[in-house]
Amino acid sequence: MRFFTSIALLILIVSGCKPETENLVKTQLNTEPEKEAIKSTLVAMWDAIEQGDVERYATYVHPDFTQFGETDSILSVGKETEVKGVAAWVKDSEGIHTEMDEPLVTVKGDVAWITYYWRDYGITNGEPFNSRGKSTRIFVKESGKWLCIHGHYTLL
């Protein structure tokens with residue numbers, strides 16, 4: 001009897017094991033839609049800025065948002081601070097446009113981050129600008145929606 005119990009237990013253990021590569025492929029396939037959602041959310045954030053729609057931009061920003069801006073010497077804290085800053089920039093600017101290069105998205109449950117290079121241009125306070133940089137943004141998924149909770153930007 002003990003022999004049959006041991007065999008049954010062994011069969012149960014082996015049948016429950018899946019090759020690591022199979023689990024990895026399954027995980028990667030399951031996160032592809034989420035990765036695309038992160039990229040789409042970031043592009044939608046930029047589109048809101050380009051359209052001057054600060055209210056729409058704010059819908060993508062988490063209440064606990066923090067940021068290390070391109071030239072900031074201190075951490076910027078809070079959604080309200082972020083939205084006010086974007087509103088002031090949009091008010092004094094025109095023709096803002098941002099492009100993303102080489103995005104790499106990682107999703108771990110309800111947390112994700114994206115690293116990418118950006119190129120942007122426009123006019124602020126009557127002066128043309130054109131910049132390139134690298135960035136990391138962190139997103140959290142709440143109530144089925146990805147929200148940006150942190151941004152870190154470095155000029156190149």
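**Aromatic pairs and strands**

User: Is Y116 buried or exposed?
Analyst: Y116 counts as buried, at 4% relative accessibility (buried is under 20% relative accessible area, exposed over 50%, partly exposed in between; 1.4 Å probe, protein chains only). This is a predicted model, in which local features need pLDDT of at least 70 and side-chain atom pairs pLDDT 80 or more, while totals for chains, interfaces and linings use all residues. Residues are numbered from 1 along each chain, and side-chain values use heavy atoms, without hydrogens and water.

User: How many aromatic pairs are there in the whole structure?
Analyst: The search finds 2 aromatic pairs (centres of Phe, Tyr or Trp six-membered rings within 6.5 Å; planes under 30 degrees apart are stacked, over 60 edge-to-face, the rest tilted). One of them joins W46 and Y116 edge-to-face, at 5.7 Å between centres and 70° between planes.

User: Why does that pair tie together separate parts of the sequence?
Analyst: W46 belongs to helix 2 (residues 20-50) and Y116 to strand 4 (residues 111-124), so the linked parts are 70 residues apart in sequence. Helices (H or I, at least four residues) and strands (E, at least two) are DSSP runs numbered from the N terminus. W46 is buried too, at 8%.

User: What is the geometry of W89 and F129?
Analyst: W89 and F129 form a tilted pair, 6.1 Å centre to centre with 50° between the planes. W89 is partly exposed, at 29% relative accessibility.

User: Changing topic, how many bridges join strand 4 to strand 5?
Analyst: These antiparallel strands share 14 bridges (pairing requires at least two DSSP bridges). D120 stands opposite S131 in strand 5. In their hairpin, with 2 residues between the strands, N125 has a positive phi near 55°.
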